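Visitor: I'm new to this one. Can you walk me through it?

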Amino acid sequence: MKKLTILAALLTTNFAHAQETPEKYRPQFHFSPKANWMNDPNGMVFHNGTYHLFYQYYPDAKVWGPMHWGHATSKDMLHWKEQTIALYPDSLGYIFSGSAVVDVNNTSGFGKDGKAPLVAIFTHHNPVIEKQKTGLHEYQSIAYSLDDGKSWTKYSGNPVLPNPGITDFRDPKVCWYEPQKKWVMTLATKDRITFYSSPDLKKWSKESEFGANAGAHGGVWECPDLFPLMHEGKQVWVLIVNINPGGPNKGSAGQYFLGDFDGKTFTANSSKTKWLDWGTDNYAAVTFSNTGNRRLLMGWMSNWQYANQVPTDPWRSANTISRELALTAVDKELYLTSVPARELDAIEEGGYSKQNMAAKAPVNLAPKSGNPSGLFRLDFETASVADFELVLSNKAGNELLIGYDQASNQYYIDRSKSGKTDFEAGFAQKHFAPRLSKNGKIDFTLVADVASVEVFADGGLTVMTDIFFPETPLSELSIKSVKGIQVKDLQYSTLKPSME
């Protein structure tokens, strides 16, 4: 009997240990590689019913190294299947960030038998030239695929855009500019954006520059994107520019400009610095190509301040959920909004709704049956603008605080007691974001995975993304308010895992 008791105790201990350690912080509905290092999403394109995600990848370690293009595919941007590596480093250098397009008109000549090629446009980063300190080590190259992205052939004439003498000369985002029947490349060039155009993706001509005296300049400009959105019947051009460091809550972040683009020059309609996401963990965010009227954005859910140190194993990094972009005006000033793409609805399973709930002292919002996974989506609308605080917690005493402070008119995420924080001195902090809306009520969406939260306030006018590392899932949830708050409509949805 004693042997059985000891055996049972050992099995219990081993089971608890197995529950505790393997892939403890693995996201359940955000893409992360099975193993090793990932950063910027690259070459995101929708083609023949499939979303393709390429990404900066180092297959030999879980820290940054010689960059490859990893590859994953999905039908819904939630259930991702990791594919074989798409692009490997070669004699021209590492494979840095870039984009991919469907060359419908076969302008490149790479198409065959009526099949439109997928063309990847990327930066070659040459470590040999880099050591020579000439500043000529980054240049743009292309590759093509005729089997829907399964295999790639690098163009024999690479590089297609040599370096003109700019140290940081990278991250080409290419789109088709229909009015002039040409390709436009938006390129990050140190402290500004340079636009190039091409008839065939092979020969590129410089068109103009933007940004030397616009926006935030706390770090180098990287990973840009350029695309049009409609607002009240008028076309507005959006230019996204990621920056590192110099974000609003330190480290990496994305800013954007709104204005006009005539095929040659981008002209901003405001001098105000606008942030895509006020949290610390949405960097290198760009949009999918070839999605028609929808504009879908996804970013790297980390920050260069601690990306190499986060306590995950055997992988590092994940991406944000896909977000749908639109424009909205506040006092005649135009802003970009982002909300969870509607595909997220497909992984909702159960939950509850409440109406006209008063909250002052903490009110438990966890479902009666519990939600041990800590995966959920919470949507609510308040009757008026008043302070509130959501507390995500666990039995281990970890807490993540998310809320609105009326006195300063700011939203916040406080991860100072969220679990493991000692891997980087600045990780355990409270982050703030201004409330931009002038609406007399707040609408609020919170999407929580094992180790991340994404906040979309006021229809996506204010967005925050933060990662965290709790000892056990933050399965408990409550809301409280110093002055008291009336919640008109609240919907809690349990989310089911979508990753294999």
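Visitor: Which residue forms a salt bridge with Arg 415?
Guide: Asp 281 does, in this predicted model. The closest N and O atoms are 3.0 Å apart.

Visitor: Is Arg 415 buried or exposed?
Guide: Buried, with a relative accessible area of 1%. Asp 281 is buried as well, at 0%.

Visitor: What does Arg 323 pair with?
Guide: Asp 277, in a salt bridge of 3.0 Å, N to O. Arg 323 lies in strand S21 and Asp 277 in the loop between strands S17 and S18, so the pair ties together parts that are 46 residues apart in sequence. Arg 323 counts as buried at 1% relative accessibility, and Asp 277 at 2%.

Visitor: How many salt bridges are there in the whole structure?
Guide: A search finds 32.

Visitor: New topic. Which side chain of opposite charge is nearest to Glu 82?
Guide: Lys 34, at 4.1 Å. Glu 82 is buried yet has no salt bridge, because a salt bridge needs the nitrogen and oxygen within 4 Å.

Visitor: What about the backbone nitrogen of Lys 34?
Guide: That atom lies 2.9 Å from a polar atom of the Glu 82 side chain.

Visitor: And what else does Glu 82 touch?
Guide: Its contacts beyond four places away in sequence include Phe 31, Tyr 55, Tyr 57 and His 71. Glu 82 itself is in strand S4, residues 80–82.

Methods. Residues numbered from 1 in each chain as written. Predicted model: local features only at pLDDT ≥ 70, side-chain atom pairs only at ≥ 80, totals over all residues. Heavy atoms only, no water. Helix = DSSP H or I, 4+ residues; strand = E, 2+ residues; numbered from the N terminus. Buried < 20%, exposed > 50% of the residue type's maximum accessible area, 1.4 Å probe, protein only. Lys, Arg positive; Asp, Glu negative; His and termini not counted. Polar contact = N/O pair within 3.5 Å; in protein donor to acceptor, adjacent residues only side chain to side chain. Contact = heavy atoms within 4.5 Å.
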